[in-house]
Amino acid sequence: MLIPSFDRLSELRPRQREILRAVIREHIASARPIASAALVERYHMDVSTATVRNELASLEELGLLTHPHTSAGRIPTDLGYRYFIESLMPQPDLRADEQVTLSHQFRQVPADAVQWLRLAASALARVTAEAALATYDRVLDPHEVVWTREIHYEGIDQILGQPEFEVRERVREVVSLLHDRARLAQILPETLDEGEVAVTIGSEHTIEPLRSFSLVIGRYGRDEGPIGYIGVVGPTRMDYQRTIGAVRYVGALMSDLARALGA
């Protein structure tokens, strides 16, 4: 089946957009296929379950939804998540109280890169309930362009508990990949500007072990260039709105530290 272009997807009717948004929200929360009757009841839709069922079928034909096995319910595809992020998702952000807490924690961090990495990774893992990583690129000899990348991880046990990863070997492969500095360099976006976030979803990955996962990556640093990256790894059934907001906010805090301390 050919993947439809976003030009065609831009023609989705308002009701189709509403239904797709609802399916994605419900699946992110429950990890279960979502049926038409559940949507009509939960969202008080003023149409019949048969009408919603027809719209779900249309969204499936467009490649935005699929149904696992013989289930009557639908789940989002990677393309469905991509459309949600680019066209349906509210502005990513964290709650004001969470921002205050994180800002306070980062102000207490000693002027030490390792402490930064630990706090950034642990904060992202806690806020998103996924696995998180933070890197710091330390220049050893600028004349010889010699540098080393320090990496810290948190929350691997949290994705081990996700229902998608009952087959633990998938997670072990990803953990091994993230500890391989050469392979990790292949998935860190070199051209990412400060404040930007790169999201790669499932089948969009070029590295096979990552194709069951989504990766949300941001970079932090000074005006002269990046110092490191922070990111979150989790199932494609990820709360993208919250995760993107968390990566952006923690990245901004890390950049502020880097500038203040002249790292």
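Which residues are buried in α6? They are Glu-98, Gln-99, Leu-102, Ser-103 and Phe-106, where buried means under 20% relative accessible area and exposed over 50%, with a 1.4 Å probe and protein chains only. They cover an arc of only 130° around the axis, so they sit on the same side of α6; the arc is taken from the directions from helix axis to C-beta atoms. Ala-96, Val-100 and Arg-107 are exposed on the other side of α6.

Keep in mind that this is a predicted model, with local features needing pLDDT of at least 70 and side-chain atom pairs pLDDT 80 or more, while totals for chains, interfaces and linings use all residues. Numbering runs from 1 along each chain as its sequence is written, and side-chain values use heavy atoms, without hydrogens or water.

Now the cores, which are sets of buried Ala, Val, Leu, Ile, Met, Phe, Trp, Tyr and Cys residues joined through side-chain atoms within 4.5 Å.

| Core | Size | Residues named |
|---|---|---|
| Largest nonpolar core | 60 residues | most contacts inside it: Leu-20, Leu-39, Phe-106, Tyr-240 |
| Second, separate core | 20 residues | including Ile-151, Ile-159, Leu-184, Ile-217 |

As for Leu-20, leaving aside neighbours within four places in sequence, its contacts (heavy atoms within 4.5 Å) are Leu-12, Leu-59, Leu-64, Leu-65, Tyr-83 and Leu-88.

Finally, β2 (75-76) and α5 (78-88) each supply at least two lining residues to the second largest pocket. Helices are DSSP runs of H or I, at least four residues, and strands are runs of E, at least two, numbered from the N terminus.
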